Amino acid sequence: MEFELFGYSVGKKRKDELRQTGEVITPESYDGSYLLETGGVFGTFVDFSGAIRDENAMIQHYRSMSLYPEVESAIEDIVTEAIVLDEDRKPIKLNLDRVNLSETIKTKIYTEYNYLLKLMDFSNKAPDIFRRWYIDSKLFYYKKIDKHDIKKGIVELVPIDPIKIKKIRKVEKDKAVWGGAAPFSPVRNITEYFLYADTDMDSPFPTSSAGWKIAPDTIAYGHSGMIDSATKRVVGYLQKAVRPLNLLRQIEDAVAIYRISRAPERRIFYVDVGNLPKQKAEQYLREIMNRYRNKITFDAGTGLIKDGRNHMSMLEDFWMPRREGGRGTEITTLDGGQNLGQMEDVMYLQQKLYRALSVPVSRMSEQSGFNMGRSAEITRDEVKFNKFIDSLRQRFSSILLDILKTQVLLKGLMTEDDWNKIYADISFRYNQDSYFTELKTNDILRERLDIIAAVTPYIGRFFSEEYVRKTLLKQSEEQMLEINAQINREQQRQLEAQEQQMYQQMLSGEEMPPEEEQAPEEEQGPPQ
């Protein structure tokens, strides 16, 4: 089957590139695209400048948040758990085991996938790419092809700043039709495209016509999957940490100010001014203050006497006039803050920030090390964190699947209809660096083997071998066939090795063992 891609016809053109719906309800995409409605009851609706400015400001805020040490530490834990580089330098491997294709086609798809990873320099930049997708909540790649020969496939993958490109959905509606108490407009066509403008945050897409329209097949687009219910915009995983981070910054500033202002131990001078009038009393107090401010020092190098004035701040010392009838001149001290070591409020907000980022709070403490015991001893937070990493990986794989789809279609390995039949069975295998995963797998296998050992005497009476393998060992039919084939091959290799050993013994003239020298039927037969 032939199709059209990137505006180039690779065979039979589709009848209509627009989706003709004819429905009353406008379908939702939930991918953060901007809706542009034309026709219908309200005419044309354009909401670009304000919404895009808000979204760009949000992305910039995410990037500024990632520079704070607490957020940076949490992001580093997430990235290092999600992307693991091993010896073959392939953090994400393509898995086509469940795809119903010939081995030849699978081999070609594997080859094209490895080629795409090299275009992205994925073996070296995978952590940076994943980190950029996690912080910005979006990731865009421009698929550059050779216009003279599109069957060469993708020749370059160019990353695009999410601030400079937006996805647009243009919905064309028919004239309003009165049905009941209010009119409604059936949806006639829906067009999707990307709008690119090489601009900054101050003037983002001032009108709907600004920028360049790009076909949706030309851009590889992957987002976080988190949609704001109010604005229907894609939000990042850092959105949950905005408020805890702001509170943490405020409380840290308050603690720092309090410590600076309450840390020194101040002196209080009570100066007896007698019955002096107010002006005379103030003048007398200033003279006393200036007298104590004079600091006379002797320079042994030059032999000179210096009169350096030490200007004291009111944060350091207090000068209080005292009238006649009270006690005389007195100097006392004002103690500094006594609770400067209490940081419970700061620690609480730090823990709340880590929980908002779905990172175990135990990783925040430097004293808590990783438990290398059984998987049953792993904390519940680590289990939740492992599941959160799996969900991130599944979301991130969508952009790799989009790029792979374009490549196999351009190369002619399959048609678009064939791809739609198999893409749900395509999966990606990430390298595992979590010791918890290995412990959990070993514990599950150990428990299953213990159960198998307990029911082995009853196989053939109460349980069948197939029931044990499917129910207790959780082996699928494909795994059972593969394991049976492996067992047969191993038995065949053992028989061949025994025959080879017997042949070598015959050549060397060694005496054969008694049990192998004669066959059992010859021993039971009559003597010759």
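Author: Let's start with a definition: a residue is buried under 20% relative accessible area, exposed over 50%, and partly exposed in between, using a 1.4 Å probe and protein chains only. Aspartate 97, at 57% relative accessibility, therefore counts as exposed. This is a predicted model, in which local features need pLDDT of at least 70, side-chain atom pairs count only at pLDDT 80 or more, and totals for chains, interfaces and linings use all residues. Residues are numbered from 1 along each chain as its sequence is written, and side-chain values use heavy atoms, with hydrogens and water left out.

Reader: How many salt bridges does the structure hold?

Author: First, the general idea: side chains of opposite charge can pair when their charged atoms come close. A salt bridge is counted when a side-chain nitrogen of Lys or Arg is within 4 Å of a carboxyl oxygen of Asp or Glu. The structure holds 16 salt bridges.

Reader: Which parts does the pair glutamate 72 and arginine 131 tie together?

Author: Their side chains meet in a salt bridge at 2.5 Å, N to O. Glutamate 72 lies in helix 2 (residues 69-82) and arginine 131 in helix 4 (residues 122-136), so the pair ties together parts that are 59 residues apart in sequence. Helices here are DSSP runs of H or I with at least four residues, strands are runs of E with at least two, and both are numbered from the N terminus. Glutamate 72 counts as partly exposed, at 26% relative accessibility.

Reader: And where is the partner of aspartate 97?

Author: Aspartate 97 forms a salt bridge with arginine 429 through their side chains (3.7 Å, N to O). This pair links distant parts of the chain, 332 residues apart: aspartate 97 is in the loop between strand 5 (92-95) and helix 3 (103-120), and arginine 429 is in strand 21 (residues 427-430). Arginine 429 has a relative accessible area of 41%, so we call this residue partly exposed.

Reader: Is glutamate 172 buried or exposed?

Author: Glutamate 172 is buried, with a relative accessible area of 15%. The side chain of glutamate 172 meets that of lysine 170 in a salt bridge of 4.0 Å, N to O. Lysine 170 is partly exposed, at 24%.

Reader: Which residues are linked with Lys166 in a network of salt bridges?

Author: Glu55 and Lys138 are linked with Lys166 in that network. Asparagine 56, found in helix 1 (residues 49-65), is buried at 0% relative accessible area.
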